[in-house]
Amino acid sequence: MIWNPSEGINIGFFTIRYYSLMFVIAFGLGWYIMKHIFKKENEPIEKLDTLFIWTVVATLLGARLGHVFFYEWEYYQNNPSEILLPFRFNPEFEFTGFQGLASHGAAIGVIIAIYFYSTKVIKRPMLWVLDRVVIPVASGAVFVRIGNFFNSEIYGHVTSKDNFYGVKFVREDEFWNNHSLSQITNTVNKNDAYNLIQNDPKFADVLNQIPYRHPAQLYEAGLYIFVFLILFVLYWKTKTAEKHGLLFGYFLILLWSVRFVVEYVKVSQGGIEETFGLFSTGQWLSIPFILVGIYYVFVAEKPFVDEI
């Protein structure tokens, strides 16, 4: 498969980026799922609106800071203005959007937001909220990885073109970091340039040089569907949610185990492995979440209920 999508849906004066659209779908679906959960738990929907806003802000801010500190601190410490701005100033001014978002940072951000939400707004134990929030979070993870696929980022290692699952990411960064797009096509517009490379016979040699890779984003998205379904069934069809922390523990174990496994076929990001070796940066960052999940699975207890 040759994968060469445009950046988004062009509506004339504005382009709706596919990655941003996936985030909108993720948060929209998450709100819909939590609406039914709040109804089941007899919680007012007004409190859900607060949770939604806090979660959106915590996810984006945590994901951005996580990427900065976990994966590209060497760059951002010299360009601090770009941390929270969707622009690049060097070597020239360019609108980039927030291309660097780390799921580990998003997880930390959401947990912090849930702590304040549980104590200040809903007046429920923090684990009660986390046990329910993880269900839409798991569904949202599916769409985030699909967004990464549209962006041709977080792709896998090189594989043989004879493998049916191999994908040629025409827009992959690793290839173009060693080649000048403008010099090859003499075209300023990136979408036009990439389309020329794929469709113009003059650039067949360039297209042939781009390797086939594992579509790691789709592997991860597909496995997250199963994580979501497991959590969904446990909440709606069993009494698992009666034990505070149990669903949260299952979520941490399942989701970050998926991340750990898929990292074996994914091009590593960050440099933690250069210091500790053995595992990739994503795997090292996933291990603490898995261990915390195991802890909550073993210590989960039914909440105390006053006898009448």
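Colleague: In the protein chain, where is confidence lowest and where is it highest?
Modeller: This is a predicted model in which local features need pLDDT of at least 70, side-chain atom pairs count only at pLDDT 80 or more, and totals for chains, interfaces and linings use all residues. Residues are numbered from 1 along each chain as its sequence is written, and side-chain values use heavy atoms, with hydrogens and water left out. The pLDDT, which is the predictor's confidence in each residue from 0 to 100, averages 84 over the protein chain, and 87% of the residues score at least 70. Confidence is lowest in strand β5 (residues 94-95), with a mean of 60, and highest, at 96, in helix α10 (residues 216-237).

Colleague: How are α1 and α5 oriented to each other, parallel or antiparallel?
Modeller: Helices (H or I, at least four residues) and strands (E, at least two) are DSSP runs, numbered from the N terminus. Axes are lines fitted to C-alpha atoms, for helices over the stretch in contact, and angles run from 0 to 180 degrees between N-to-C directions; those of helix α1 (residues 18-40) and α5 come within 8 Å and cross at roughly 165°. Angles over 145 degrees count as roughly antiparallel, under 35 as roughly parallel, 65 to 115 as roughly perpendicular and the rest as oblique. The two helices, α1 and α5, are therefore roughly antiparallel.

Colleague: Which residues is Ser139 in contact with, leaving aside its neighbours within four places in sequence?
Modeller: Ser139 lies in helix α5 and counts as buried, at 3% relative accessibility. Buried means under 20% relative accessible area, exposed over 50% and partly exposed in between (1.4 Å probe, protein chains only). With contact defined as heavy atoms within 4.5 Å, and leaving aside neighbours within four places in sequence, the partners of Ser139 are Leu29, Ile33 and Phe228.

Colleague: Is Ser152 buried or exposed?
Modeller: Ser152 is found in the loop between α5 (126-150) and β6 (167-169). Beyond its neighbours within four places in sequence, Ser152 is in contact with residues including Trp3, Phe169 and Gln217. Its relative accessible area is 1%, so Ser152 is buried.

Colleague: Which residues of α11 meet α4?
Modeller: The axes of α4 and helix α11 (residues 246-262) are 13 Å apart, and the helices pack at an angle of about 165°. That makes α4 roughly antiparallel to α11. From α4, Ser103, His104, Ala107 and Ile111 take part, and they meet, in α11, Phe248, Trp256 and Arg259.
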